[in-house]
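This report describes a two-chain model for a reader who has the sequence and coordinates to hand.

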Amino acid sequence: MSTDLTRREFLATVAAAQGALVVGFWMPDRAQAQTPVAKPFGAVWYEEPATPEVNAWIVVAPDDIVTIRIAQTELGQGVWTSNAMMIAEELQCDWAKVRPQYASANRDAREKAPEWTLKVPGDGATDPQGGGEPTFGDRDRTGVSGIPDSLYRRMRTNAASSVKDGRYYLQLAGAEARERLLLAAAGLWKVPVTELTARDSVITHGPSGRTTTYGRVAARAAQTPHPHPETIRIKSPDQWTLMGTERKSLDVPLKVTGQTVYGIDVRLPGMKWAAVKACPVYGGDVKRYDFAAIRTMPGVRTAVQFPIPDPSCTRGRIFSGGVAVIADTWYQAKTAIDRMPIEWTIPPDNAAVNTAMMRDALAAAIAQPGRVRVDRGDVDAGFARAATIVEATYSTPYLARARMEPGNATVLVTNDRVDIWIGDQSPQETRFSASKITGIPEENVYIHLCHLGGGFGRNGNGPQAEHAIMIANQMRGTPVHMLWTREEDFIGTTYRAMGLARLKAGLDGEGWPIALEVRTCMQRDGFGPEASFDVTSRYHVPNYRYSTHTTRFHIPVGTRRGVGQAAHEFYRESFMNELAHAAGLESQHVVEIQ
Amino acid sequence: MAFDLTVNGRVYRVDADPQTPLLWIIRDHVGLTGTKFSCGIGQCGACTVHVDGRAIRSCSVAASTAVGKSILTIEGVSADGSHPIQVAWKEFDTPQCGYCQSGMIMAALALLHDRPRPTDADIDARVTNACRCGTYHRVRKAIHLAADLMRK
């Protein structure tokens, strides 16, 4: 079945089988023959679907099964369910017949968003009538917001935004499809559409009591555009029947039977495995390696070197160059690369840095005048008046994301097309990377999204896609599944920056803080130090000064959920407890009065 | 070198180095991918399977040690999710990303076979798998529910 692989796009999908959910995904013939648990596959390619779609988000099959395309990635946050709920709310379909499926990032490169999804009323994410509209930047692939006019627009999964930013156009997509299904039934019955109602995938003509189902009119609806889509309005919250209710996650049945397809589970015919070693010092590269030393080890095919990923693919972060050993199985590749002599070109300045030096640099930077973010009252006068001065220094270490699923991607590059199977939080950026590395246009890059075994930001997950694309690009025609070891995953990740805080409070005779000075220092990162500092103070202290200080290190850092917030919560709350202790109070008596 | 392994009641002829960790034989030769690779050093438990009823971390055990024994993976618990432990897991929407959950379920199932009414202390001692999403509280509830369901 694999000969026409390059003609098709295989997507993880979920299909109905006697009420049970089974994942539809391509599995190799050999494994399939050996696998007692059948893994049926559904080959779905948007250009040749068996059932025509109503719109780009919704396919209704003759048996009323509703496939809802999800443009964000499921990594445990429940987006397969929540995005489907927002669409199904408006579609008014039978929730039990909803099946999520990943949207096509390739199609997103080829098609523009429908005009009717672009004009967002209301006042942003907090307006229930409006709904979120992400602030799209220009067509900047290194930006975080998505692409303003591409079909699925924001395919990133980040910043807790999938619901609040996607809600308006996802609800609208459901509403547009519902209206077209109603119009199709009205056309069939030759009755005014205003006499029809829809509920749980059943359309009823009130005056006659006649009914039909979505499945029976979907083909007609698919052929008939809505004459005035700009007139369609989404429901107000008081009209919701599905949104706001608690529903079981649609993919949990797969996760308790081992059937979820993560990137690491992808198998292709003729696929080879790659184990990699990247230079353990960031900014370093391979000087030479001795493939001859391992050439005869079992299963070993070849070795492939790759450079430091182009910073335009990694939002400016500098990772390392490396080398991959390609073998028939991953364990053979990993065993061989462990024995392969590799010499590195290591930037001496980067190699010289150690934790003590970093601590010293942070301490030096925090002692310098920083950027004053808040300066309220007269802090120095407050300290002069204080009965007690309390001071504290806190530090936080570099933290890796340490997701459970080590970085991996499966890539097939041919001369005119790239296919990537990956759990990825930003397929639009990965599409850009694939094009940049291979020279093949983005319109010919196909990304087959898989579930992620934990995800902490696309760049938090590191240059897994770039490594795999650079390797596969040197082995055109062969699908290569690159998998990092746990150790490589730590080299490939971006870290939450190391941080330092100095806090000083002046307490009056009763123990009340009357002056507070907070100085925090973190590594300046790729997207601006402002993003990394929490400038809010939860506690009201009349005289308050807050300054931020930065330094530079070569470690690639990123947000790791909450940007600098988690470190700053630790600094602030720890210090408030120390102040309570100094005042003779139990810490639970400290109350936030922001 | 070819050897036979019994996985989920079925015998597989495997042609591989018998010193290969059992995890990779299960995933890449037998073709069952529900068992997961994460740390590779027997620490996190994502690769947990049963060998003769005992929960082991398959990334750190040579396949040769399982020859002639009965191996159970998540796929063998029940394919349709009808085993009480899976029913209990679904009841609380226990998994988030789900990557650790195969191993989590296998560790819990071994515990329940040994101690049909486990205490929280039993769970703490025997289910030491890592979950990066932090589902531990639901795992605990699901184990207690599974214990109830399995007694019925």
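The model is predicted, so local features need pLDDT of at least 70 and side-chain atom pairs count only at pLDDT 80 or more, while totals for chains, interfaces and linings use all residues. Residues are numbered from 1 along each chain as its sequence is written, and chains are lettered from A and ligands numbered from 1 in the order in which they are written.

**Chain A**

Chain A has 14 helices and 23 strands; helices (H or I, at least four residues) and strands (E, at least two) are DSSP runs, numbered from the N terminus. Of its 594 residues, 51% count as buried. A residue is buried if 20 or more other C-beta atoms lie within 10 Å of its own, exposed if 12 or fewer, and partly exposed in between, with C-beta atoms placed from the backbone. Two residues are in contact if their C-beta atoms, placed in that way, lie within 7 Å. Among contacts in chain A between residues at least 6 apart in sequence, 77% join residues at least 24 apart.

Helix H2 of chain A covers residues 79-91 and spans 18 Å from its first C-alpha to its last, close to the 18 Å expected at 1.5 Å a residue; the expected span is 1.5 Å times one less than the number of residues. H2(A) is largely enclosed by the rest of the structure, because 13 of its 13 residues are buried. Gln92(A), which follows H2(A), has a positive phi near 60°.

Strand S22 of chain A (residues 513-523) is also mostly covered, with eleven of its eleven residues buried. S22(A) pairs with strand S21 (residues 499-507) of chain A in the antiparallel sense over nine bridges; a pair requires that DSSP find at least two bridges between the strands. In this pairing Gly499(A) stands opposite Met522(A). The hairpin of S21(A) and S22(A) has five residues between the strands, and Gly511(A) there takes a positive phi near 95°. S22(A) is also joined by nine bridges to strand S23 (residues 543-551) of chain A, and these two run parallel. Here Glu517(A) stands opposite Arg545(A) in S23(A).

Asp200(A) lies in the loop between strand S7 (196-199) and strand S8 (202-205) of chain A. Ser201(A) is found in the loop between S7 and S8 of chain A, and the table sets out both residues.

| Residue | Phi | C-beta neighbours inside 10 Å | Class |
|---|---|---|---|
| Ser201(A) | about 70° | 25 | buried |

**Nonpolar cores**

A nonpolar core is a set of buried Ala, Val, Leu, Ile, Met, Phe, Trp, Tyr and Cys residues joined through C-beta atoms within 7 Å. The largest has 161 residues, of which Ile58(A), Leu181(A), Ala324(A), Val325(A) and Ala108(B) touch the most other members. Helix H4 (residues 162-189) of chain A gives the most to this core, eleven residues. Leaving aside residues up to four places away in sequence, Leu181(A) touches Val54(A), Ala198(A), Ile203(A), Tyr214(A), Val217(A), Ala218(A) and Ala221(A). A second, separate core of 28 residues includes Leu500(A), Tyr544(A), Tyr546(A) and Phe575(A).

**Chain B**

Chain B is assigned domain 1 (2-74) and domain 2 (84-151), with bounds from an automatic or database domain assignment. Their centres, taken over C-alpha atoms, are 21 Å apart. In the contact between them, 14 residues of domain 1 of chain B meet twelve residues of domain 2 of chain B. S3 and S4 of chain B are the elements that give two or more residues to the domain 1 side, and S3(B) has the largest share, three residues.

Strand S3 (residues 48-51) and strand S4 (residues 54-57) of chain B pair in the antiparallel sense over four bridges. His50(B) has Ala55(B) in S4(B) as its bridge partner. The two strands form a hairpin with two residues between them, and Asp52(B) in the turn has a positive phi of about 50°.
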